[in-house]
Amino acid sequence: MVRVTKIDEGVPMRVVRVERFGGPEVLVPGEAPAPVPGPGQVVVAVAVAEINFVETQLRRGVSPGPPLPVPPYVPGGGVAGRVAAAGPGVDPGWLGRRVAAPTAAGDGGNAELAVADAAALLPVPDGLDLRRAAALQPDGATALGLFERAGVRAGDRVLVEAAAGGVGSLLVGLALAAGARVVGAVGGERKAAAVRERGAAAVDYTRDGWTERVVELTGGGADVVFDGVGGAIGRAAFDATAAGGRFSVHGAAGGAPTRIPPDEAARRGVTVIGLEQLMELRTGGRERAERALAEAAAGRLAPVVGCTFPLERAAEAHAAIEARAVVGKTLLTVG
C-alpha cells in the first residue's frame, strides 16, 4: 500500500524537460503526471535541485562517462526537500522528514516531485538549510572521498583546479582545515578573488604562465593536485606537480579526462589516481554523504552557493554554468 501525504494523483506537476540534445534553449518548462513510489521508494516534494556540470554535457549529447539519456527527459540527479509519499516496504517514519537524496533513476530531479530510493535518503540535520543540503548532494561525499584518497597532510602544497566550483571550493576548505598550503586555479579574476577570500592563493589558468606561477607559489610544485578540469589545463597541471607527488583526477569540464602515461609518471615518482576512482568512491558513499551534512551543520564544511534560479529558468542556470559565470554551486528552487 502506498502512503501519501501531499501528492494529489491526477494533478500534474511542474517539470523542466530536455526536448532534444543541444544548447540551454532545449530546456523547456512543462508538466508531467505526479510520480508514484514503487517498493522501497519514496517521493520527495522537491524544494531545491542541484545542477552539476556533467548535466550540461549530457544535455548537449556529450558524455564524460555516464550513459546518455534519451530525449525528451527530465534532468536533475540530486534533490533536497520533504518526503511526501512512501511506497511498500518503506518506514512511514520518513514521511514529512527533510531529506537530501539522489534521484532513483539518476535524473528526474528538475520537477516538483521526484522519486528516490529510501535506502539512499539522507536526513538533513537541524541547523542545515535545504539549499546547503542540496549543494552538498553529491559534492560533499565526492570531495571527502577525493580528499581522503589523496592523503593530504599538514604542510602539503595543494593545487585545486576549478577551485571556485562546487567540488573545488569544498576541496579548498578541506585542505586549508588540514593545515595544507593551498593554491586554487580558476578562470578569471572574480573567481580568483573568491578563492583568496577563503584563505588560499589563486592563479588564473586563462593566462599564460599560470603553471610557472603555481611552482613559484608552492616553492617547487604541488605535492597534491586535484584535477577537476582535464584537457589542456589538466595536462599542464601535471607539469606543476612536485616529484613524488599525487595527481588526483576527478573531472573533465575542460575536455577529455587527463591521461598521464605511466612511464612519465614513474620517472617523476608521481602517483596518479585516475578518473576510475569515482566509481570506486561509490563504496562508502552514503557514510561520507551523511558526514558531509553533519560537518556542514556544525559549520566545519561550507558549500558555496553562487546562484539560484527558479525551476522555470533552468535554461538560464545551464547557460550561466557553461559560461563559467558562477562562483560555487548553482541550484534550482522548486518548492
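Which residues touch the most other members of the largest nonpolar core? Before I answer, a word on what we are looking at: this is a predicted model, in which local features need pLDDT of at least 70 and side-chain atom pairs count only at pLDDT 80 or more, while totals for chains, interfaces and linings use all residues. Residues are numbered from 1 along each chain as its sequence is written, and side-chain values use heavy atoms, with hydrogens and water left out.

To the core, then. It has 47 residues, and the members that touch the most others are Val 152, Val 158, Val 160, Leu 171 and Phe 226. By nonpolar core I mean a set of buried Ala, Val, Leu, Ile, Met, Phe, Trp, Tyr and Cys residues joined through side-chain atoms within 4.5 Å, where buried is under 20% relative accessible area, exposed is over 50% and partly exposed is in between, with a 1.4 Å probe and protein chains only. If we take Phe 226 and leave aside its neighbours within four places in sequence, its contacts (heavy atoms within 4.5 Å) include Val 152, Val 158, Val 160 and Leu 171, and also Ser 248 and His 250. Apart from this core lies another, of 32 residues, among them Val 46, Val 90, Ala 114 and Ala 314.

Let me turn to the sheet. Six strands, in the order S11-S10-S9-S12-S13-S14, form an open sheet with parallel pairing; strands and helices here are DSSP runs, E of at least two residues for the former and H or I of at least four for the latter, numbered from the N terminus, and two strands pair if DSSP finds at least two bridges between them. At the edges are strand S11 (201-204) and strand S14 (271-273), each of which pairs on one side only. On average, and with direction ignored, neighbouring strands of this sheet are turned by 20 degrees against each other; the axes are lines fitted to C-alpha atoms, for helices over the stretch in contact, and angles run from 0 to 180 degrees between N-to-C directions. Strand S10 (residues 181-186) runs parallel to S11 and is joined to it by 4 bridges, and Ala 185 stands opposite Val 203 in S11.

Helix H4 packs on this sheet, where it touches strand S9 (157-161), S10 and strand S12 (222-227), and its direction makes about 170 degrees with that of S9. Helix H6 (residues 210-218) lies across S9, S10, S11 and S12, and runs at about 165 degrees to S11.

Within H4, which spans residues 166-177, we find Ser 169. Because its relative accessible area is 2%, Ser 169 counts as buried, and, not counting residues up to four places away in sequence, Ser 169 touches Ala 162, Ala 163, Ala 164, Arg 198 and Val 304. Ala 162 itself is in the loop between S9 and H4, and has a positive phi of about 50 degrees although it is not a glycine. With a relative accessible area of 26%, Ala 162 is partly exposed. As background, most residues other than glycine have a negative phi, and most peptide bonds are trans. Two peptide bonds here are cis: one joins Pro 71 and Pro 72, with omega about -5 degrees, and another runs from Gln 137 to Pro 138, with omega near 5 degrees.

Finally, the aromatic rings. How many aromatic pairs does a search of the whole structure find? The search finds 2, where rings of Phe, Tyr and Trp (its six-membered ring) pair if their centres lie within 6.5 Å, and planes under 30 degrees apart count as stacked, over 60 as edge-to-face and the rest as tilted. Tyr 205 and Trp 210 have ring centres 5.9 Å apart and planes at 70 degrees, so this pair is edge-to-face. Phe 238 and Phe 247 also form an edge-to-face pair, at 5.4 Å centre to centre and 85 degrees between the planes, and both of these residues are buried.

The charged end of Arg 268 sits over the ring of Phe 238, 4.6 Å from its centre, which by definition requires NZ of Lys or CZ of Arg within 6 Å of the ring centre and within 35 degrees of the ring normal. Glu 264, in helix H8 (residues 262-268), is in contact with Arg 235 and Phe 238, leaving aside its neighbours within four places in sequence. At 16% relative accessibility, Glu 264 is buried.
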